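Trainee: I have a model open and would like to go through it slowly with you. Could you bring it up so that we are looking at it together?

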Amino acid sequence: MTSTSLSSIPVALTIAGSDSGGGAGIQADLRTFAFHLVHGTSAITCVTAQNTLGVTRVDALPAESVVAQIQAVTGDIGVQAAKTGMLLNRDIILAVAEQASCFPNLVVDPVMVSRTGVQLIDDAAIAALKAKLLPLATILTPNRYEAQILSGLDISTLEEMQRAAQRIHQFGSKAVLVKGGGMAGALRGVDVWFDGAHEHTLTGQTVDTSNTHGTGCTLSAAIAANLAIGKDLLTATQHAKEYVTTALGYSLNLGNGQGPVGHFFPLLQRQG
Ligand SMILES: Nc1ncnc2c1ncn2[C@@H]1O[C@H](COP(=O)(O)OP(=O)(O)O)[C@@H](O)[C@H]1O
Ligand SMILES: Cc1ncc(COP(=O)(O)OP(=O)(O)O)c(N)n1
């Protein structure tokens, strides 16, 4: 059999942590890239021992190792878009920021606080994120709790999500998407976009499931994939949101806690 080699497939890079349970982090990102027919590359920042119930251990890689992974990819293959997820500590954040000029598009998922409100990185890392990485982002995608930290506002209403998006935009990213998964009721499926000139409320259906592990990783990876394909920023975000909503509708009831979303739902649909 001869091979049909594709030379024009878009390439995206995820700079994130490994989730042993396969629901979030690198594992979710690579599945999301594949769904979009984007070649996925990775720079692993840390290894988490994690399942649907939570994280029991985190081991960071040296910042030099993260940089070496990024340079191995960008120096040979090249990427059209990158996303960052769990960067874990100040050294890794500063090192990634120094590499950011290699990425034509950079989606920053500022993983700082879990959906349950638990802080995942220390204060020095949050300060480094704010000062060095956020200003370089094409789009920044905080969840409710991250948006509260970055804006200094309590967020319980749509108006407060909008006000927070405007404040967070001042860190210097091109656009901000405040995600609503941590909100109550119908706001769970609502995200607020702001790019300094235009505000959009992206309203997806609220999916009634507790299997929401990895939604934030999946959304940011899908934005990166759509940017790698060449979509404009707002369209990329809208398509990514549609992808997450559909994947939530095919979430996987695995483990005893919050299961992951169904990244490969067309195959599940085919099974019936
Ligand atoms: N139950 C749900 N129904 C519909 N959309 C949801 C639900 N939970 C999360 N989302 C969507 O998933 C995406 C990720 O948001 P969120 O869960 O807040 O991020 P994170 O995983 O970083 O906490 C957003 O587009 C949000 O609107
Ligand atoms: C390794 C790793 N990276 C990121 C997260 C957080 O995942 P996210 O999709 O942002 O949040 P949840 O929806 O799962 O709360 C993680 N848990 N592990």
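**Strands, helices and a ligand**

Mentor: Let us begin with S2 and S3, which pair in the antiparallel sense over 6 bridges. Strands (E, at least two residues) and helices (H or I, at least four) are DSSP runs numbered from the N terminus, and two strands pair if DSSP finds at least two bridges between them. This is a predicted model, in which local features need pLDDT of at least 70 and side-chain atom pairs count only at pLDDT 80 or more, while totals for chains, interfaces and linings use all residues. Residues are numbered from 1 along each chain as its sequence is written, and chains are lettered from A and ligands numbered from 1 in the order in which they are written.

Trainee: Okay, and what joins S2 to S3?

Mentor: A hairpin does, through 2 residues, and within this pairing Gln50 has Val55 in S3 as its bridge partner.

Trainee: In what order do the strands of the sheet come?

Mentor: The open sheet has 9 strands in the order S3-S2-S1-S4-S5-S6-S7-S8-S9, with mixed pairing. Its edge strands are S3 (54-60) and S9 (199-203), each of which pairs on one side only.

Trainee: How many bridges join S1 to S2?

Mentor: There are 8 bridges between S1 (residues 11-19) and S2 (residues 39-51), and these two strands run parallel. Ala12, for example, stands opposite Gly40 in S2.

Trainee: Which strands does H7 touch?

Mentor: H7 packs on the sheet and touches S1, S4 (81-84), S5 (106-108) and S6 (139-140), its direction making about 170° with that of S4. Axes here are lines fitted to C-alpha atoms, for helices over the stretch in contact, and angles run from 0 to 180 degrees between N-to-C directions; residues are in contact if their C-beta atoms, placed from the backbone, lie within 7 Å.

Trainee: Switching to helix pairs, how do H2 and H3 lie?

Mentor: The axes of H2 and H3 (residues 90-99) come within 9 Å and cross at roughly 25°, and therefore the two helices are roughly parallel to each other. Angles under 35 degrees count as roughly parallel, over 145 as roughly antiparallel, 65 to 115 as roughly perpendicular, and the rest as oblique.

Trainee: And what does the contact consist of, by class?

Mentor: It divides into 7 nonpolar, 1 polar and 1 charged residues, where Ala, Val, Leu, Ile, Met, Phe, Trp, Tyr, Cys and Pro count as nonpolar, Asp, Glu, Lys and Arg as charged, and the others, Gly among them, as polar.

Trainee: What about H3 and H4?

Mentor: H3 and H4 (residues 123-133) pack at an angle of about 10°, with their axes 8 Å apart, and they are therefore roughly parallel to each other. Their contact has 9 nonpolar, no polar and 2 charged residues.

Trainee: At what angle do H7 and H8 cross?

Mentor: They cross at roughly 140°, and their axes come within 8 Å, so H7 and H8 are oblique to each other. By class, their contact has 10 nonpolar, 5 polar and 1 charged residues.

Trainee: Last topic: which residues come nearest to ligand 1?

Mentor: Of the 20 residues around ligand 1, Asn143, Lys179, Gly181, Gly189 and Gly216 come nearest; a residue is near a molecule if its C-beta atom, placed from the backbone, lies within 6 Å of it.

Trainee: Which helices supply the shell?

Mentor: H7 (215-229) and H8 (233-249) each supply at least two residues of the shell around ligand 1, and the largest share, 4 residues, comes from H8. The shell has 4 nonpolar, 11 polar and 5 charged residues.

Terms used. Two residues are in contact if their C-beta atoms, placed from the backbone, lie within 7 Å.
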